[in-house]
Amino acid sequence: MKKFVSLIATALIAVGLPLAAQAQENPKTIRIAFSSAGVGGKPAAASGLLATAHQRGILEKEFAKDGIKVEWTFFVGAGPATNEALALKKIDFATQGDLPLVVARANGLRTRILLTDSRFSRNYVVVPTASTIQTLEDLRGKKITVQKGTAGQLTLNRLLTQVGLKESDLKVIDMISDSQKAALSTGDVDAAIQSSTDLVVRGLVRRIYKIEDPKLQAPSQVWVAEEFEAKYPHIVQRFVTALLRESVWAVDEKNRDELFRLWSKTGNPYSDYKEDFKGWALRDRLNPLIDEYYTSSLNKSIAEVKQFRFVRRDVTADGWIEPKYQQAALKELKLEGFWDEFDADGKRKKPAGK
Amino acid sequence: MASLKDKLPAIDPRGFVLPLLLIVVWQAVTSSGWVDTRIIMPPSAVLSAGWKWLNSGLALESIGASLFRDASGFVLGAAAGITIGLLFGTSKLANNVFGPTFHTLKHISIFAWIPLLSAFFGRDDLAKIVFIAFATLYPVALATIEGVRSIAKSQYEVADVYGFTPRQALFRLILPAASPQIITGLHLGLIFAWLATMGAEFLLASTGEGLGMTVIRGRAAFRVDLIIFGMLIIGAFGMLLNELATRAESRLLHWRGHAR
Amino acid sequence: MSTIQSLDKPLVIEPLASLLPRISIPSLGNLPARFGRIGLGIIFPLLLLYLWQIATERVWLPPQLLPEPAFVWETLVDMVSSGELAGHLAVSLQRVLWSVLIGGSIGLAIGFAMGLSKTAKAYLYPSFSLFSQFPVIAWSPLMIIFFGIDEALKISTITVAVIVPFAVATYKGIENVPVKLREVGQIYQFSFAQTLWRIALPAALPAILGGVRQGAMQAWLALVFVELLASSEGLGYLLVYARNLMQLDVVMVCMATIGLVGLIFDFALGFIERHFSRWAPKGR
């Protein structure tokens, strides 16, 4: 009997110890957030590496073997909603645009930037077709809609500065992206910043300005909550490595159609993505590197966020970016030199097409 | 005993004139093409869109989700409201210490709490339910305070004579005596909870379903038919809740009348 | 009578009366007790303030959720002295004023019609009671379709919110005009205008003023909602702006302003209401 008990005990210890050790090291779930949602709040995202990984279930596959669940959240409230969730410690990883990112840091939310999710996106200032607005200068006194607190608001401010205007010279109305389209098509607003093509195709809006200058828009990034990183650095490493491995598939031009088809699960038409990426190599748009372009863009955003008085506290980029995971992953996957680096002006540093 | 006739007011056909007129005008202007039918949809289009939606399964999910939020928020808010009301009503000290703050905060329009609530609770169901509870709390608490205060001194004296423990006093005297006002407060709370449910779904945009969300998305997708139908459903549920509350109220008060 | 009662019973409004504060007019005799009470009432807010201070000093809550009191105060001073707050407040107040004027007139007209004419009541009442049960905010998406998102949207939504309390209060006020007074009118063979001006209006005035107060409170509630929904100026706009940029200090300043205005509305209109109710002919 005694022997039997000790046998059971030994067995329990044998089974239990590794389990206990694992439980100590691994989180039960990894909570990932997108600062966006599909049309009508569909739980889907597009246009970036993380969105592709979500659609293809890459991270689930990576972590399934350890019984770690991957939870995805899609915020209709965009970047500001992501910040609220981060403050409540409800998310571990997220993608975000530059304004909410800097606002979070100014308010003491601690994150570490791991990689770029997408860059060089194309946007347009659009106006209802019948509008008399022809140039950015014409926007003075007009109603324009952006989702407040998102990267779009910062882009708008940069645009306005170019032509000597301020946000207060216009009527800026907060709307989520679905509502923006509705308001444009009914003429409730005079302008918006949009990348989507469907309203253009339907003849409801006209593009008056193309936002393509890499200095007018910042890349979006993937970050991890500092607390999570401190606790589970190995999970962060696996997360980054899995994402970069996936990126090789995503930037393969063979998969271009497939990629856009996956993204159109957001409810936005396939043609939106086709048009948006026209003339671009996937490899450049979905470039995960933390290069000179990224760091200088981030520093520029920080300065502008302060300049436009979106935050009143000071923000420093010191210790914010954590490139070590990316570097390790590139090395492990033998992808060093796979992506080109870009300089502060968004120009390619080395000749293309090696 | 009130006669049946008193309970069921005779239906005056003149009351139908206005709604019918509205529907006739609505149908007439849309079918004659005087107005942009993209903006003013004919009633038939609204009905058919509504029918499709009802059959899609999405309707049940939306209604269910909204009612769930409504009920959870209401129950939480009502419980908190009655507790606060009893506390303020029975304890002078509590009333003097907390009352002024409570009565001042009441002047902040409930929707103004939404940004703060979303900072603390996010924008999902939790935040919505907290907001609904908050909207329910005030009318219930205020009515309860009023109910408890309206209890005559002599009734307390009777309780004293019988040597009621505080617990007995609460369940045998205070709650029954204050119940008319509390029930009225609950009724009002129910109306506010429904209002708040819609407000929360409009203003705390998130993924997921709900009646308010359906309507607001209908707007984004420019589905005027869905918006109108959604509004009708929201109104119908509001009325249904009100009607149920009215019946429950009169039944409870009736029962109370007998019990006395 | 009970038929009318059951018809009258319901609306959102009657119970709303219980939402409004009972402002007790303290007797001047027991001043010390009064001050004692005020003192007690101040303890709790002070305690809250102290807790708030401690909580921010020890960072019980992250600063993005709970900015320190001094910072909020600084923001308040900043926003007041720069005129920013006053500008947005003025926009919001203007919207409320217009809506109360428009909605009030419509509400008064409906209330008088239903109160004075049995025929009008038979036509209007069922539709009106149906209308009054729709939550105002449920109307807003439709309003956006019709009116766009500009001033028209705000004014129309708030107006709808104002009509019901005005109409109900007026109607009830006239319903409750003492029979004796009506008889007097009949004896003197008053014309309709005279009945309205000399009997119905003065007798129903306290009730109507009660409706004004409720209407103003409803307007304030609807204003915040509709400004949160879509606006480029006003207190609700400021709330959205600050929320999206995580400036909870600004959010708190806005909330305080909204509360203060609500308080002033309530007290001022409550004062007028009491003042006039002393005048009203008694004799019920």
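These legends go with close-up views of a predicted model.

View 1. Chain B has eleven helices and zero strands. Walk along the sequence and you get α-α-α-α-α-α-α-α-α-α-α. The radius of gyration is 23 Å, well over the 18 Å that the globule rule gives for 260 residues, so chain B is more spread out than a compact globule. If you're setting up a box, the C-alpha atoms of chain B take up roughly 75 × 55 × 30 Å along the principal axes. Burial applies to 44% of the 260 residues in chain B. Take the contacts in chain B between residues at least 6 apart in sequence, and 76% of them link residues at least 24 apart.

View 2. The average pLDDT for chain B is 83, and 92% of the residues reach at least 70. Residues 1-5 of chain B are another story: pLDDT stays under 50 there, and the model gives this stretch two contacts beyond four places in sequence.

**View 3. Where chain B meets chain C.** Here 61 residues of chain B are in contact with 51 residues of chain C. Several helices of chain B each put at least two residues into the side that touches chain C, among them α2 (17-32), α7 (125-149) and α11 (224-259). Which helix gives the largest share of that side? That would be α9(B), with eleven residues. By residue class, the side of chain B that touches chain C splits into 38 nonpolar, 18 polar and five charged.

**View 4. Inside the largest nonpolar core.** This core has 245 residues, and those with the most contacts inside it are V103(A), F131(B), A219(C), V224(C) and C254(C). Its largest share, 20 residues, comes from helix α10 (residues 192-229) of chain C. Zoom in on V224(C): leaving out residues up to four places away in sequence, V224(C) touches S109(B), F111(B) and A112(B), plus L235(C), G236(C) and I258(C).

**View 5. Helix α4 of chain A, buried end to end.** Is this helix buried or exposed? Ten of the ten residues of α4 (residues 78-87) in chain A are buried, so the helix is largely enclosed by the rest of the structure. Just past α4(A), look for K89(A), which takes a positive phi of about 60 degrees.

Definitions and conventions: Residues numbered from 1 in each chain as written. Chains lettered and ligands numbered in written order. Predicted model: local features only at pLDDT ≥ 70, side-chain atom pairs only at ≥ 80, totals over all residues. Contact = placed C-beta atoms within 7 Å. Helix = DSSP H or I, 4+ residues; strand = E, 2+ residues; numbered from the N terminus. Nonpolar A, V, L, I, M, F, W, Y, C, P; charged D, E, K, R; others polar. Rg over C-alpha atoms; globule rule 2.2 N^0.38 Å. Buried ≥ 20, exposed ≤ 12 C-beta atoms within 10 Å, placed from the backbone. Core = buried A, V, L, I, M, F, W, Y, C linked by C-beta atoms within 7 Å. pLDDT = per-residue confidence, 0-100.
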